[in-house]
Amino acid sequence: MLISPRVLRTEVLAGLVVALALIPEAISFSILAGVDPRVGLFASFTMAVTIAVCGGRPAMISAATGAVALVVAPVVREHGVNYLFATVILGGLIQIVLALLGVAKLMRFIPRSVMVGFVNALAILIFVAQVPHLIGVPWLVYPLVAAALAIIWILPRFTRVVPAPLVAILALTVLTVSVHVAVPTVGDEGALPDSLPMFALPDVPFSFGTVQTIFPYALAVALVGLMETLMTAKLVDDITDTRSNKTREAWGQGVANIVTGFFGGMGGCAMIGQTMINVKTSGARTRISTFLAGVFLLILVVALGDVVALIPMAALVAVMIVVSVGTFDWHSITPATLRRMPPGELIVMVVTVAATLATRNLAIGVVLGVLTATVIFARRVAHLVEVTSVLDPAGGTRIYSVHGSLFFASSNDLVTRFDYAEDPDSVIIDLSQAHIWDASSVAALDAISAKYAARGKTVEITGLNPPSAKLRDRLAGTLS
């Protein structure tokens, strides 16, 4: 398919902006993981280039991330950097297996309130990550950040030919270099590599003992990476009004991590902040921007490292502040929205945000948010089961009608809804307006029948739909 010059220009410039934003992030995550900055920078290059080919979500950026850095830091600390590379490779293999098992389909169980909490927590984390660059710095940093923010917000009103973040970065770099302003720069974050990444096998024993050592960390890398990646893909789908292949994205992340491990990288997953720069701020929509972000990153740090080191951190901080403000769902916290929102939905959103901020781990926040939503849903549905009864005209049979879904939360209360002592000798339980979902419900019906049988009374259960009847026929009488 031919790409128009306008689209190609957008993709190229977007890739350049993302590459510039990736450099300090990759260095910071390297420090967090306890490795040389080259390890994070090489990971960002290999992840971006590989996922551009293998991934299922065009325009999404994958690179070294803080979530993965937190997971692998103990491996580096306790076993060394070569065990890190082996962990990343095994984590990639696990991601491929999980993708083939259909892990991407679990995204349908993520409620909207968790997604909103995820987005808001992400925006807060992006902003908080910029705070250290604004504390204990020369006072000139603040007007520089303000100037960059002004360029980013005002320039698009006049032209979108060149991304405003790129203009801000170039303008501040030229200004600080030409007038010799002493402010923190990218070079102050860490040494940039001066050579290309090389393919190499991790220098670890190829034994079952090695697998035992790294497997828990590799599993964590796989799960955290997939969680953050799939959530980011869903977010980009919503922003661009397009659908992406989540299964392909899942195994693509696995392939990218395997490649990264063999080229001396620390592993990673989708980067939400850089993805927002690429998709929302720069307007990119294809794999070209993702691929070029990786290529430009390598060129910048290896061939133009001396120039890149001069970029003031104030410019990149301003870019990320704009990203955080644009990412936050401000509508979700307006008074009108808060008044209309059910309390359970608000609780889920708050739990997701609070857990993410407390742990600095988006995956943990999402898991706790989903668990909270599940508990609230179960409690709500448990009270939707109704039991009514009538006595037949002859007085010899009582007919109970059950309405609702019977599962572990609702069926436990079902046993108490019958009058075992006062009912006549014949009881009919009509389930034509109910559905049996699990073994707990079958066990509850067995318990009801047993209570009546203990009093010499008979129970007939009628109206079961085919799935419910099949489940009861298989389990009735075998659960106690």
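1. Leucine 235 counts as buried, at 10% relative accessibility. Buried means under 20% relative accessible area, exposed means over 50%, and partly exposed lies in between, with a 1.4 Å probe and protein chains only. The model is predicted: local features need pLDDT of at least 70, side-chain atom pairs count only at pLDDT 80 or more, and totals for chains, interfaces and linings use all residues. Residues are numbered from 1 along each chain as its sequence is written, and side-chain values use heavy atoms, with hydrogens and water left out.

2. Where does leucine 235 sit? Its place is in helix α8. Helices here are DSSP runs of H or I with at least four residues, strands are E runs of at least two, and both are numbered from the N terminus. Leaving aside neighbours within four places in sequence, leucine 235 is in contact with Met115, Val119, Ile272 and Met276. Contact means heavy atoms within 4.5 Å. Tyrosine 217 is 18 residues apart from leucine 235 along the chain, and their C-alpha atoms are separated by 27 Å.

3. Helix α8 (residues 208-240) also meets helix α3 (residues 66-79). Their axes come within 8 Å and cross at roughly 165°. Axes are lines fitted to C-alpha atoms, for helices over the stretch in contact, and angles run from 0 to 180 degrees between N-to-C directions. The angle makes α3 roughly antiparallel to α8. The cut-offs are under 35 degrees for roughly parallel, over 145 for roughly antiparallel, 65 to 115 for roughly perpendicular, and oblique for the rest.

4. The crossing of α3 past α8 is left-handed. A crossing is left-handed if the near helix is turned anticlockwise from the far one by less than a right angle, and right-handed if clockwise. From α3, the residues that meet α8 are Ala67, Val68, Val71, Val72, Pro74, Val75, Glu78 and His79. From α8 come Thr213, Tyr217, Ala220, Val221, Val224 and Glu228. The contact of α3 with α8 divides into 10 nonpolar, 2 polar and 2 charged residues. Ala, Val, Leu, Ile, Met, Phe, Trp, Tyr, Cys and Pro count as nonpolar; Asp, Glu, Lys and Arg count as charged; the others, Gly among them, count as polar.

5. Now take helix α6 (residues 141-154) and helix α7 (residues 164-178): their axes come within 8 Å and cross at roughly 145°. α6 passes α7 in a right-handed crossing. On the α6 side, Leu144, Ala148, Ile151 and Ile152 make the contact. On the α7 side, the residues include Ala164, Pro165, Val167 and Ala168. This contact of α6 with α7 has 11 nonpolar residues, 1 polar and no charged.

6. What is the strand order of the open sheet? Its 4 strands run β3-β4-β5-β6, with mixed pairing. Two strands pair if DSSP finds at least two bridges between them. β3 (386-391) and β6 (458-462) are the edge strands, each pairing on one side only. From one strand to the next, the twist averages 20°. Helix α18 (residues 439-454) packs on the sheet and touches β4, β5 (426-436) and β6. The direction of α18 makes about 175° with that of β5.

7. β3 and strand β4 (residues 397-406) run antiparallel and are joined by 6 bridges. Valine 387 stands opposite valine 402 in β4. Threonine 388 stands opposite serine 401 in β4. The hairpin of β3 and β4 has 5 residues between the strands, and glycine 395 there takes a positive phi near 80°.

8. Most residues other than glycine have a negative phi. Histidine 180 is not a glycine, yet it has a positive phi of about 55°. Histidine 180 lies in the loop between α7 and α8 and is exposed, at 71% relative accessible area. Aspartate 241 also has a positive phi of about 55° without being a glycine. Aspartate 241 is in the loop between α8 and α9 (246-262) and counts as exposed at 69%.

9. Is threonine 352 buried or exposed? Threonine 352 is buried, with a relative accessible area of 0%. Its place is in helix α15 (residues 343-359). Beyond neighbours within four places in sequence, threonine 352 is in contact with Val114, Gly117, Phe118, Gly365, Val366 and Gly369.

10. Arginine 455 lies in the loop between α18 and β6 and counts as partly exposed, at 46% relative accessibility. Leaving aside neighbours within four places in sequence, arginine 455 is in contact with Tyr420 and Ala421.
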